[in-house]
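Work through the exercises below with the sequence and the model at hand. Each task is followed by a stepwise solution.

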Amino acid sequence: MSNSTFRRGLMLLASVSLALSSCGHVPLSGEAGLSSLAAAGEPVVNELYYDAPGTDAGTFIELKGPAGKSLSGYTLAAFDTAGTQYRTITLSGTIPAGGYFVVAQDTTVANRNLVNAGADLNNGAGSLRLLKSGAVIDAVAYGSPTSSRGEGASAATTGAGSALARVPDGSDTDANSVDFRVQAATPGAANGGGTGGGGGTTGKKVLFDLTKAEDAGNADWRIDGAYSDYANALRGLGYTVSSVTGTSITSTSLSGASVLVIPEPQNPFSDAERAAIQSFVQSGGGVFMITDHRVSDRNNNGWDSPEVFNGWDGGTPASVGSTLQASLNSDVIFGLGASFNSSFSDPVYTATPVTTHPILNGVSSAGVYVGTSVDVLSGKALMGTGGKTYLAVNSVGAGRVAMWGDSSTFGDNTYSDGSTGTYNNWPNLSNATLGKNVVRWLAKDL
């Protein structure tokens, strides 16, 4: 992000501004007024299991509704990411005494009430609607469909082996991102468990660092500021989100956390802090390093975020105490470095996947609004453009790390002082899905 007088720090030419406008998100409802659909006494879509490990088998769609209710006249309509309907499932029978009705892909699904191969929905992103005589009763969108047919913001997408479930059962706030959690599949049983393949999502602690002046100058990478949409989206997935405050990160401040997010730090880490973070990862924690371009020194102390992650460049500041010179040393201890080959005059890029990875489920592209590339010394490059990497990951000890090359990607246009800015990048492209998926992968929930 460019270091300018704008709070968001993006000094862009008119042509770039137009490009950003063209990346604006599609409204999250397929039609105006699509909310409060499930009237009293009507069933809702309660759980979706659409991505089994390997070749899909045992997938299902679960409804929750009044026991004994007839489903005659009800259908399920499935939509692809473009909002085009690709499947209709005609329902029959009645909802059992427990209140759960399971439409199973095959006979391997426990507690099944109806078998229909069409219950195997598209992976990644899409929508599903429950209709009664053609009228929409309930709607769910997951991932980042380009044309949503759900309610409010889309729910997360799942990794192979996990389900998407309302928690608690039947809850309906008219926002899919709030109502649904990723968890282990529970056909015909109560929701609220953890994710398949990695432990429980609900209650896991995600910390956003605020000890390194991440809100200095024209930056506001705070969970009560420009990263508030990010934090709220993670809470919607069941995580507990808070900030690390004070002046240093310690083993005590990281105790009990699953993920540490470091968004464009402006002050260096001490040797003791580096040791605490390295131990946190080695012991199973996840760290998300979000960097930015060179000369993005927002508190005028001579450090910018690439230096904070990699270590002092020997030039700015003019001198640095020995316990701060290495700073995080991320290129050495984690195998991922923030490139020093960038500046505030770099153009806006759109990064796209260069491989397959669970983080990329539902991700087609993400914006780099003047950032820096990632040097991958060990690990795996996931997204890039023009021969450069902008997202990379690595496994270190029992933990995981990720680095992304721009702080603006996950920012909204609300600030901690109550003001509103110009650029809201969170809903653009697949930015939101990417931000959530990185944390889920780091927490071993994806």
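**Exercise 1.** Which residues does Leu48 touch, not counting residues up to four places away in sequence?

Solution. The model is predicted: local features need pLDDT of at least 70, side-chain atom pairs count only at pLDDT 80 or more, and totals for chains, interfaces and linings use all residues. Residues are numbered from 1 along each chain as its sequence is written, and side-chain values use heavy atoms, with hydrogens and water left out.
- Step 1: contact means heavy atoms within 4.5 Å.
- Step 2: with that exclusion, Leu48 touches Phe60, Ile61, Leu121, Leu128, Val140, Tyr142, Ala163 and Leu164.

**Exercise 2.** Find the residues that touch the most other members of the largest nonpolar core.

Solution.
- Step 1: a nonpolar core is a set of buried Ala, Val, Leu, Ile, Met, Phe, Trp, Tyr and Cys residues joined through side-chain atoms within 4.5 Å; buried means under 20% relative accessible area (1.4 Å probe, protein chains only).
- Step 2: the largest core has 69 residues, and Leu48, Ile61, Leu91, Phe288, Met383, Trp404 and Leu434 touch the most other members.
- Step 3: helix H8 (residues 431-442) contributes the most, six residues; helices are DSSP runs of H or I, at least four residues, numbered from the N terminus.
- Step 4: Leu260, Val281, Val374 and Val401 are among the 27 residues of a second, separate core.

**Exercise 3.** Identify the residues through which H3 and H8 meet.

Solution.
- Step 1: helix H3 covers residues 228-236.
- Step 2: Tyr230, Ala233 and Leu234 of H3 meet Gly435, Lys436 and Val439 of H8.

Conventions:
Buried means under 20% relative accessible area, exposed over 50%, partly exposed in between (1.4 Å probe, protein chains only). Helices (H or I, at least four residues) and strands (E, at least two) are DSSP runs, numbered from the N terminus. Axes are lines fitted to C-alpha atoms, for helices over the stretch in contact, and angles run from 0 to 180 degrees between N-to-C directions.
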